[in-house]
Structure formats: structure tokens, C-alpha cells
Amino acid sequence: MLALWSLSFILLCVWRFSYAQYEHLGYFPGYQDPAQDLYTAPELSKDVPRIQLRLAGEKRKHNEGRVEVFYEGEWGTVCDDDFTIHAAHVVCRELGYFEAVSWAPSSKYGKGEGRIWFDNVHCKGTEKSLAQCESNGIGVSDCKHTEDVGVVCSDKRIPGFKFVNTLTNNVNSLNIQVEDVRIRPILSSYRKRIPVTEGYVEVKDGGKWKQICDDDWTYMNSRVICGMFGFPGDKRYNTRVYKMFARRRKPTFWDYSINCTGNEAHLSSCKLGHTLAIKANSTCEQGTPVVISCVPGRAFAPTPMAGYRKAFRQEQPLVRLRGGAVFGEGRVEVLKNGEWGTICDDNWNLMAATVVCRELGFGSAKEALSGGQLGQGMGPVHMNEVQCSGFEKSVTECPFNMDKDSEGCSHEEDAGVRCNVPAMGFQQRLRLSGGRNPFEGRVEVLMERNGSLVWGTVCGEGWGTMEAMVVCRQLGLGFASHAFQETWNWPGAVNADSVVMSGVRCAGTEMSLSHCLNHGEYLSCPRGGGRFAAGVSCSETAPDLVLNPQVVEQTTYLEDRPMFMLQCAYEENCLGSTSSSTPANSYRRLLRFSSQIHNNGQSDFRPKASRETWVWHDCHRHYHSMEVFTHYDLLSNNGTKVAEGHKASFCLEDSECDEGIEKRYECANFGEQGITVGCWDTYRHDIDCQWVDITDVKPGDYIFQIVINPNYEVAESDYTNNIVKCRCRYDGHRIWMYNCHIGGSFSAEAEDTFPGLINNQVTHR
């Protein structure tokens with residue numbers, strides 16, 4: 001009995017490990033469960049017209065598009081008159097998706113061609129086919145193609161769904177509907193590699209995994225398969241070895257060939273080829289099973305799990321992603337004339353998004369985002385109406401509207417992408433336990449101890465926002481909203497109370513908590529785990545503070561202020577070190593300026609400290625909600641600090657907002673503090689501590705630097721834009737500020753003119 005239990009446990013572990021490869025595609029865990037009930041095709045009465053459906057047009061995801069109907073040998077569309085979400089559910093389920101998310105009228109996905117097969121469709125939502133819904137009658141319509149309807153289906157597919165071809169003479173016109181797809185490693189040298197990059201391409205059909213005959217296999221098919229699994233391209237492999245393997249083990253072939261154009265985001269968007277001639281011994285007539293060998297991006301180089309220690313760093317000089325919660329997603333920014341800018345979402349589609357994804361070392365795009373969904377960028381809008389074929393090496397090679405790079409476009413229309421990334425299995429080595437919902441809990445990690453894998457806690461000592469951000473990213477839960485050094489309210493799993501990781505320090509770019517610096521096997525955690533273990537709460541969105549560099553440049557001036565007027569500032573340590581010995585009637589020289597701090601993110605910026613813990617400052621007669629909100633530093637040209645200042649969050653409030661956005665935060669009368677999305681907080685040059693004391697600074701050329709949220713007390717979607725840098729010249733009487741810009745907004749060559757500073761990065765603690 002014990003042996004049987006051990007075998008079952010081993011099989012379960014193997015199953016969980018293999019499932020990691022496909023989990024990111026959004027399939028139900030039941031897909032891998034051999035005991036699951038198989039899908040049974042709906043039986044339709046003889047009077048119901050036999051139709052087939054597909055999603056077409058200018059897609060932004062593989063599971064959305066214009067609804068097209070195949071009937072009597074011709075593809076046509078559906079009119080949006082009287083169309084509802086119930087009809088959308090029927091369409092999506094008929095295509096094998098779990099449900100509809102939404103639907104779109106007025107040819108959102110472009111105008112179709114041919115007949116408009118359905119008009120004034122009335123569905124209850126329980127029909128098995130769109131043809132069962134009430135309508136004017138198939139082919140009876142008074143609509144134009146400007147009224148073609150589209151749908152957005154769920155990512156999740158119906159477990160066990162099987163494509164049923166009711167139009168046998170037109171199989172080459174139909175989209176593929178399969179339950180699942182995988183790359184199954186065959187050679188022993190590839191079985192232990194993560195990610196899986198080489199092996200048989202297999203589809204799950206009728207609850208069974210089947211190989212595909214390579215008779216009609218093309219490079220375009222390989223490109224689509226590699227792209228959907230997160231790889232930018234494919235390469236040659238040793239065909240002789242696989243032919244030998246196929247002779248030894250009889251394959252089970254799928255009935256169809258595949259015909260992809262190379263631009264599909266998923267195999268399910270490809271067309272079926274002809275029905276294959278399958279011999280009695282289940283081998284294909286001329287060939288062997290399809291084998292694919294994909295090339296991963298540099299960040300995902302295959303390596304055994306135990307030895308994987310590579311943090312992700314983008315090394316692309318022309319294109320980058322910003323503001324995304326997980327790897328492979330973000331706002332698209334391009335470098336043009338030495339300055340980083342954004343792309344307008346006019347005509348932005350999956351083909352252009354896929355070009356971006358592949359050039360950055362990911363697979364094809366699974367979603368093309370519009371409307372600044374991942375936060376608004378700064379600087380110019382470099383490209384508009386981008387039109388890619390899908391095969392360019394860089395999005396900068398795609399044609400776009402040269403006459404109006406940014407005309408009519410604002411950062412509210414910034415384009416973004418979500419890319420397919422390789423399944424690394426990191427989610428299986430981390431979990432949140434004891435929380436009220438899946439987005440919070442005590443952090444528990446799976447670590448090897450004494451030759452076996454055990455679950456345990458992370459020491460809460462030193463645990464902070466950057467570490468919490470890595471945890472939320474690893475679990476696919478977005479951004480960290482809070483990091484907890486004690487988890488009294490989250491008991492977690494009793495058998496996981498022991499500390500298995502301590503001394504964790506993350507830079508914030510890591511894909512997994514195990515990639516962060518830590519004590520390794522030599523644990524050090526004085527208070528122990530359990531209630532003193534690390535915890536997190538995650539959020540799908542985060543704020544993004546950006547300081548306006550032009551305001552700093554335009555408002556800078558010098559003021560000589562007598563010491564007797566600086567008592568409050570002295571108490572708050574806003575003056576230079578020699579101020580303690582300065583007589584009351586002498587002066588301090590202050591470099592004064594205004595700072596205008598915008599929230600360009602997706603959620604409001606709120607102080608970390610709860611309201612009841614804010615500190616009342618009697619001298620200034622207001623509450624401070626953050627101990628340090630900004631750092632002000634004057635640096636020599638080699639990066640040495642010559643003077644410094646800092647700003648507590650005197651009061652975080654909405655000074656002004658973009659048109660149509662209402663202010664939510666106001667400090668008066670102990671009001672709520674924060675900065676609303678689309679609003680900004682202005683610290684005027686004439687308030688206390690809004691300066692740097694340069695009394696002891698000699699005349700010369702300097703670099704002035706401002707860092708917002710320097711201690712990472714509050715999570716943001718992008719920390720790289722928290723720095724503003726300026727050139728500064730001081731002649732002993734006057735001061736000039738010029739070349740003010742957000743850190744990382746210029747090319748690396750331009751940033752080299754600011755020596756001694758870390759480029760595009762906020763230094764960590």
C-alpha cells in the first residue's frame with residue numbers, strides 16, 4: 001500500500017511539472033486529467049442549417065475578432081442589429097471557448113466580405129449553434145458590412161472540446177479547433193531542460209495526444225508553434241535521430257495537416273489542411289511526426305531548473321517595454337533621434353505587437369493593447385498608424401504615417417503588448433497561504449532541504465516592496481500593493497512554518513524569488529518564521545509617479561534666507577551640516593525650485609502609512625504621511641555628492657488634474673492624502689524644504705538629481721522614471737539649470753554625458 005501511495009505521489013509531481021509548460025495558455029487544469037469526462041458534440045436536429053464559425057479581421061487577441069459564418073460554400077458575416085451578450089456566448093461556445101467576455105458592433109474588427117448571413121439575431125444563450133437562434137432567416141438582411149459584429153471570447157477553452165467538421169468538402173477553409181497543444185521532449189537531453197524547446201508537436205484531440213504528420217509541414221507552421229510557446233524563432237534539428245525514434249515507437253497521428261500563414265498568435269487560428277492518408281499501421285505515408293526546435297530569447301536560455309540563476313535584463317537598444325506587471329508585457333517605447341517615445345494605438349494590431357515581442361526575445365503577441373492600458377508614457381509620440389507585415393525584425397522597420405507622427409495622438413493612446421513567454425515553471429515553486437483571497441497571504445517557497453523538496457516560509461526581516469514585487473510577478477498576480485514583515489493574521493500551512501529562505505534582497509528585475517540575493521543554506525532569522533514570516537498583497541494595477549523636468553528647469557533660482565527664518569527647516573534637517581553653527585542673523589543660500597509630480601499609472605498613489613500613524617508637525621501645522629518622499633542631490637561631474645536635501649510628504653494631494661478627472665485628495669482638515677491617476681501634486685518653490693542648501697558649495701558645473709519615492713515605500717509600475725537629472729552651473733551669484741530630463745528618457749550615449757550616475761535605473765537601498 002505504501003509503495004502504491006509513493007508511486008501515486010511521484011506521478012502527481014510529474015504531472016504538475018509537465019503542466020507548467022501549458023499553464024500560461026489559460027487552459028483548465030482538467031486538460032491534463034486523463035479521468036476527465038470527454039466533450040461530446042451537440043446533436044442538432046435536421047432542420048437546423050449546418051454552419052461553421054471563425055473569428056477574423058483586425059484582431060488584437062487570438063480569441064477575438066469579427067464573427068464569420070461559412071454556409072453553402074461561402075464565408076459571410078453577422079449584423080450587429082439586436083445582437084447581445086447571449087448571442088456572443090453562443091458564438092464563443094460553438095468555437096470551443098468557455099464563454100464570451102464582450103461583443104463589439106459597427107465593424108470594430110474591420111468590414112467583412114460576401115453575404116451577411118444573419119441579421120436581427122435573438123439568442124437565449126443556451127443554443128448549441130448560432131443557427132438555432134431566432135433571426136430574419138439565414139441570408140435575409142438589410143445591413144451593410146459597416147455593421148459587422150465581433151466578439152471577445154474567454155482565454156479558457158471548453159475542456160475536451162473537439163472540432164467537428166460538418167462540411168467535409170470545405171475542410172481547407174476551416175479554423176482548427178483542438179483541446180490543447182504541446183511540445184513533448186523526446187530525446188533525453190531535452191527532457192530535463194526548462195523551458196522545453198524541442199520535441200514532437202502534439203495536439204490533444206478526443207482526449208488523446210496525437211502527433212502531426214510532417215508531410216505538409218512548413219516553416220510558417222513552426223514559426224507559429226514556437227511563437228505561441230514564447231520563442232522568437234526556430235532552428236534546424238537532427239532529423240536522423242527522430243526518424244530512428246519514430247521507427248522504434250509507433251506514433252498516433254492526427255487526421256489533418258495544418259496551414260499557417262506565420263502571423264497567427266496560436267495554432268487554433270491557423271487553417272486546416274487536407275485530410276491525411278493514414279495507413280493501417282498509423283504512420284503517415286511519406287514522413288514522420290513533426291518535430292520542432294525553438295530558439296529561446298536570451299533571458300530564457302534553457303538550463304536545468306536547479307541551476308537557473310539568470311535575472312531578466314532587456315538588452316534591446318531600439319525598443320523597450322515599460323509599466324507591465326509581468327515579463328513580456330508593457331507599454332511599447334521606441335528610440336528615435338536619441339530620445340525614447342511611445343507609439344500611438346491607431347491601427348495597432350497583433351501583427352505589429354508580434355514584431356515587438358519577437359525582437360525583444362519573446363514569442364508572438366497574445367494581445368495588442370491600446371488606450372494607454374499599461375500607463376501613459378512621457379516624451380514624444382514617435383510613431384502613428386503603424387502597419388507591419390509581421391515579419392520585420394524590428395517595429396522601427398514597419399511603415400507608419402510619416403506626416404503625423406503624433407498629430408491627434410496623446411499619451412492616452414499609447415500602445416502596449418502582452419507577449420507569449422516560455423513556461424519556466426516558477427509558479428510551482430511559490431505560493432501565498434492563509435490570505436482572504438488569492439492576491440494576498442504569507443509567502444511560502446518550495447526549497448530543497450536534506451535531499452528533498454519542502455515548503456517553508458521566508459524570513460520577514462528586511463522584507464520590502466521590491467521583494468514583494470518579485471513574488472507578485474512570479475505568481476502572475478500583478479504588482480505588490482504591500483509588503484509585510486509579520487503575518488499574524490495569515491497562519492498559512494502548519495507544516496510550512498519553518499524558515500527556508502532568509503536575507504532576501506531583490507533588484508526588482510528578477511523572474512523568480514530564488515534569483516534574488518539570499519543567505520542560501522546558511523539561514524539567519526532571529527525571530528523565526530510562522531507569524532514573523534514575510535507576506536504580500538498583490539494588485540493588478542499600480543501607480544506610476546513621474547516628475548515634470550521642464551517645471552524644475554523653469555522655476556530654479558537662488559535665495560539667501562536668514563537663519564532666524566529657517567527654524568522649522570532646521571528642526572526637520574532640511575539644511576546643510578554647518579547650519580548648526582550658523583548665527584541667527586547670518587544667511588543660508590538655498591537652491592529653490594518647484595516640482596510637479598504626475599501620476600501616470602493605473603491606480604492612485606497612496607502613502608504606505610495608514611492614516612492613524614501619520615505624524616503631526618506642529619511647526620508646519622500639517623501631517624506628514626511619508627517620512628521621505630523625494631531626495632534632492634547636487635553632485636559633482638564624477639558623481640560625488642556635494643549637497644543634499646529631502647522632502648517629507650508634507651501633504652500628498654491633487655493640485656490639478658487632466659480634463660474630465662475630479663480631484664479626490666485634499667490635505668485640509670486631516671483629509672485623505674494621495675495622487676489620483678491623471679492628476680499631479682505641485683510642491684511650489686516657496687514652501688519649506690523645497691530646496692537644496694548650497695551655502696558651502698563652490699562655484700562650478702554640477703549635476704542636479706531628484707529621486708521620487710526613493711525608499712520604494714510605495715509600489716509603482718515603473719521605477720525607472722522616478723529620477724530627474726539636470727545640468728547645473730553655479731557662478732557664485734546666479735544658477736542655471738539646463739538639459740533637465742527624466743532618467744532613461746535619452747539614449748545611452750546621451751546619458752553618458754552625466755558621468756557617475758547609474759543609467760535608466762534607480763539604485764536600491
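Mentor: Let's begin with terms: contact means heavy atoms within 4.5 Å, and helices (H or I, at least four residues) and strands (E, at least two) are DSSP runs numbered from the N terminus. This is a predicted model, in which local features need pLDDT of at least 70, side-chain atom pairs count only at pLDDT 80 or more, and totals for chains, interfaces and linings use all residues. Residues are numbered from 1 along each chain as its sequence is written, and side-chain values use heavy atoms, with hydrogens and water left out.

Trainee: Which strands do the buried residues of helix 2 pack against?

Mentor: They pack against strand 1 (52–56), strand 2 (64–71), strand 4 (100–104) and strand 6 (150–153). The helix itself spans residues 85–94, and its buried residues are A87, A88, H89, V90, V91 and C92. Just after helix 2, G96 has a positive phi of about 100 degrees.

Trainee: Why is C388 called buried?

Mentor: Buried means under 20% relative accessible area (exposed is over 50%, partly exposed in between, with a 1.4 Å probe and protein chains only). C388 has a relative accessible area of 7%, so the label buried applies. C398 is at 3% relative accessibility, and therefore counts as buried.

Trainee: What makes C388 and C398 a disulfide?

Mentor: A disulfide is a pair of cysteine sulfur atoms within 2.5 Å. For C388 and C398 the S to S distance is 2.1 Å, and a disulfide joins them. The torsion about their S-S bond is about 110 degrees, so this disulfide is right-handed.

Trainee: How many disulfides does the structure hold?

Mentor: It holds 15 disulfides. One of them joins C79 to C143, with S to S 2.0 Å. That link is left-handed, with -75 degrees about the S-S bond. C79 lies in the loop between strand 3 (74–78) and helix 2, and C143 in the loop between strand 5 (116–118) and strand 6, so the pair ties together parts 64 residues apart in sequence.

Trainee: Why is the disulfide of C651 and C667 called right-handed?

Mentor: The torsion about the S-S bond of C651 and C667 is about 95 degrees, so the disulfide is right-handed. Both C651 and C667 are buried.
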